[in-house]
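Please read the report below alongside the sequence and the model.

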Amino acid sequence: MTADVVAQLQQISAQQSKIRDLKARLKGYEELLAKQDAALSELRSVVKLPAAYRGLLVECVRRRAWHELYSAQVCCPALGFAAALH
């Protein structure tokens, strides 16, 4: 009977060792997964680039139109004033 108890304890010890090793491997996989997730989060932001670029182009067109309107308003009164002086 003592031999059976010793054999059972050895099996339990072997299983505990396997569990400990698996926990260590799992921790390594979790760290690797965290690194991959960080890298993929950068790639996920690439998907948003077309919409951001489109918004940038719209803003450029809007600012150019405003600049042309402002330039025309500033330019014409200045020409009228210069003509009145001569």
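This is a predicted model: local features need pLDDT of at least 70, side-chain atom pairs count only at pLDDT 80 or more; totals for chains, interfaces and linings use all residues.

Arginine 63 counts as exposed, at 53% relative accessibility. Residues are numbered from 1 along each chain as its sequence is written, and side-chain values use heavy atoms, with hydrogens and water left out.

**Salt bridges**

Which residue does arginine 63 meet in a salt bridge? The partner is glutamate 59, at 2.8 Å from N to O. A salt bridge here is a side-chain nitrogen of Lys or Arg within 4 Å of a carboxyl oxygen of Asp or Glu. Arginine 63 and glutamate 59 are four residues apart in helix H2, so about one helical turn separates them.

Glutamate 59 also meets arginine 62 in a salt bridge. Arginine 62 and glutamate 59 lie three residues apart in helix H2, again about one turn. Together, Glu59, Arg62 and Arg63 are linked in a network of salt bridges. Arginine 62 is partly exposed, at 47%. Glutamate 59 is partly exposed too, with a relative accessible area of 27%.

The structure holds three salt bridges.

| Arginine 44 | Aspartate 37 | 3.3 Å |

Arginine 44 is partly exposed, at 47% relative accessible area.

**The aromatic pair**

A pair of aromatic rings is described by the distance of the centres and the angle of the planes. Rings of Phe, Tyr and Trp (its six-membered ring) pair if their centres lie within 6.5 Å; planes under 30 degrees apart count as stacked, over 60 as edge-to-face and the rest as tilted. The structure holds one aromatic pair. Tryptophan 66 and tyrosine 70 form this stacked pair, with 5.2 Å from centre to centre and 5° between the planes. Both residues lie in helix H2 (residues 49-85), four residues apart, or about one turn. Tryptophan 66 is exposed, at 53% relative accessible area. Tyrosine 70 counts as partly exposed, at 44%.

**A nonpolar patch**

Which residues make the nonpolar surface patch of about 450 Å²? They are Met1, Val5, Leu9 and Ile12. Patches are made of residues with over 30% relative accessible area and no salt bridge; like charges are joined within 9 Å, and nonpolar side chains (Val, Leu, Ile, Met, Phe, Trp, Tyr) within 5 Å. Valine 5 is found in helix H1 (residues 2-46). Valine 5 is partly exposed, with a relative accessible area of 44%.

**The whole chain**

The chain has two helices and zero strands. Helices (H or I, at least four residues) and strands (E, at least two) are DSSP runs, numbered from the N terminus. Of the 86 residues in the chain, 0% are buried. The accessible surface comes to about 8,200 Å², and 67% of it belongs to carbon and sulfur atoms. Accessible areas come from the Shrake-Rupley method with a 1.4 Å probe; for residues, only the protein chains shown count as cover.

UniProt lists residues 12-39 as "coiled-coil region" in an unreviewed entry. That span is 100% helix and 0% strand, and its end C-alpha atoms lie 41 Å apart. UniProt positions are given in the numbering used here, feature names are shortened, and annotations may be inferred rather than shown by experiment.

Technical notes. Buried means under 20% relative accessible area, exposed over 50%, partly exposed in between (1.4 Å probe, protein chains only).
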